[in-house]
Amino acid sequence: MKQLLMTTGPTNVPKRILNVMTKPMIHHRTDEFHKLYDDIQEKLKYLYKTGNDIYISTSSGTGGVEILASNFANKRVLVIDNGEYSHRMYEAFLIYGAKAVKLSEEWGKPIEKDVVDDYLKKYNDEIDIVAMVHNETSTGVRNPLEGIAEVAKKYGKLIFTDSTSSIGGDYVETDKWDLDMVVGRTQKCLACPPGLAFVSVSNKVWKYITKEGIRTFYFDINKFRDFHKKSEVPFTPPISLLYALDEGLDMLKEEGLENRIKRHLECSQHLRRCIKKMKMDLVVKNDYYASRTATAIYINESAKLRSILKEKYNIVISGSPGKFKGKVIRIATMGSITKNKVDRTLDALEKSLQELNEIKV
Ligand SMILES: Cc1ncc(COP(=O)(O)O)c(C=O)c1O
């Protein structure tokens, strides 16, 4: 049976996308490239629901977050912290010298907008930027981005979001919610191979950019802007991945963003319903805050379970990073996900759990 990736990235890449990666190389300072770049730009704007520029970075998602952290070294940042990826974001800001503070919540719980409001009411003069992870993939929590953005704006702050595991699978309304920097990427809900991240940038951001705040050569936001004007990126891009992205974005347009979001919602809800029926222990109890792209479940012996799923059923699911390591499994509903793929996973999961219990007896 064909391998099924139910991991939180990379996800299964459709043949149509893999095929375009074998197209001949083009040079990145030519008109052919400019056309490819402009086409991708237009399609990314559809994904992001924005008129803002979107810069493309040769990196995984962490590289996208690094663009946020490395260009604002002299700013004061409030990081919403309730999982591994938001914690990494906080550390990235600190490493580059920003005055970063955390507003923390227990893993598995969302941060409510009122908590952010209370914080900003008290410390309004000490914060320039609110930064957060929209969909905390490490715990399966869907943080209320819209509400937190509204609060950030009420206090006149910039709002930055790592939406790498939500964009394309959940609502990310860049313009409507006035999001200043939004990080997205290829390998999750777009079902493309890993290797590219994107960052949208609002006009307001430029007022916060200073020479002293930039602590990076490769990810310098001014370079991205200068090259973007020429429909180029600052350094040699992975052309084959751009072909893949272009095709992946065509597939998104053909399906329609709204339909794709609905498909993610239906698959994740179906998965949650069945997990509850199986009496397994979901990390996120409240459906409202449950991610539409990653479902986390407490389980003893997570490594053994994952290995049975792989060896016997050729299905790969994710373990968990950070403090959930070894205690939590994560099943993704991302990209080319269908109800059939969820059902195949659930069936195998049930059998693997039985087997695990038999081994223990
Ligand atoms: C929300 C989020 N941010 C950042 C990352 C880190 O991504 P990468 O390891 O591809 O750099 C992940 C990985 O799954 C993620 O889900």
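**Note on the predicted model: sheet, ligand shell and domain contact**

1. Strand S9 (residues 181–185) and strand S10 (residues 196–201) run antiparallel and are joined by five bridges. Within this pair, Gly184 has Phe198 of S10 as its bridge partner. Strands are taken as paired if DSSP finds at least two bridges between them. Helices (H or I, at least four residues) and strands (E, at least two) are DSSP runs, and their numbering starts from the N terminus.

2. Two remarks on the basis of this note are in order. The model is predicted: local features need pLDDT of at least 70, side-chain atom pairs count only at pLDDT 80 or more, and totals for chains, interfaces and linings use all residues. Residue numbers start from 1 along each chain as its sequence is written.

3. S9 and S10 belong to an open sheet of seven strands with mixed pairing, in the order S2-S10-S9-S8-S5-S3-S4. The edges are formed by strand S2 (53–58) and strand S4 (99–104); each has a single partner strand, so one side of each lacks a neighbour in the sheet. From one strand to the next, the twist averages 20°. Angles run from 0 to 180 degrees between N-to-C directions, and the axes are lines fitted to C-alpha atoms, for helices over the stretch in contact.

4. Helix H3 (residues 61–70) packs on this sheet and touches S2, strand S5 (129–133), strand S8 (158–162), S9 and S10. The direction of H3 makes about 165° with that of S9. Contact here requires that the C-beta atoms of two residues, placed from the backbone, lie within 7 Å. Eight of the ten residues of H3 are buried, so the helix is largely enclosed by the rest of the structure. The buried residues are Gly61, Gly64, Val65, Glu66, Ile67, Leu68, Ala69 and Ser70. Burial is judged from C-beta atoms placed from the backbone: a residue is buried if 20 or more others lie within 10 Å of its own, exposed if 12 or fewer, and partly exposed in between.

5. Which residues surround the ligand? They are Thr8, Gly9, Ser60, Gly61, Thr62, Tyr85, Val133, Thr137, Asp162, Thr164 and Ser165. A residue is near the molecule if its C-beta atom, placed from the backbone, lies within 6 Å of it. By class, this shell holds two nonpolar, eight polar and one charged residues. Ala, Val, Leu, Ile, Met, Phe, Trp, Tyr, Cys and Pro count as nonpolar, Asp, Glu, Lys and Arg as charged, and the others, Gly among them, as polar.

6. Gly9, listed in the ligand shell, is joined to Pro10 by a cis peptide bond, with omega about -5°. Pro10 lies in the loop between strand S1 (4–6) and helix H1 (15–20).

7. The domain assignment divides the chain into domain 1 (4–10 + 257–360) and domain 2 (16–254); such bounds come from an automatic or database assignment. The centres of the two domains, taken over C-alpha atoms, are separated by 26 Å. Their contact takes 26 residues from domain 1 and 28 residues from domain 2. On the domain 1 side, helix H9 (257–277) and S12 are the elements that give two or more residues. H9 supplies the largest share, four residues. The residues on this side divide into twelve nonpolar, ten polar and four charged.

8. Strand S12 (residues 294–298) is joined antiparallel to S14 by five bridges, and Ala296 stands opposite Arg330 in S14. All five residues of strand S14 (residues 328–332) are buried, so this strand is largely enclosed by the rest of the structure. In a regular strand, side chains alternate between the two faces of the sheet. In S14 both faces are covered: Val328, Arg330 and Ala332 are buried on one side, and Ile329 and Ile331 on the other.

9. Ile299 occupies the loop between S12 and H10. Ile299 is buried, with 21 other C-beta atoms within 10 Å. Leaving aside neighbours within four places in sequence, Ile299 contacts Leu305, Val328 and Ile329. The C-alpha atoms of Ile299 and Lys327 are separated by 5.5 Å, although these residues are 28 residues apart along the chain.

10. Phi of Asn314 is positive, near 55°. Asn314 lies in the loop between helix H10 (302–313) and strand S13 (315–317), and counts as partly exposed, with 13 C-beta neighbours inside 10 Å.
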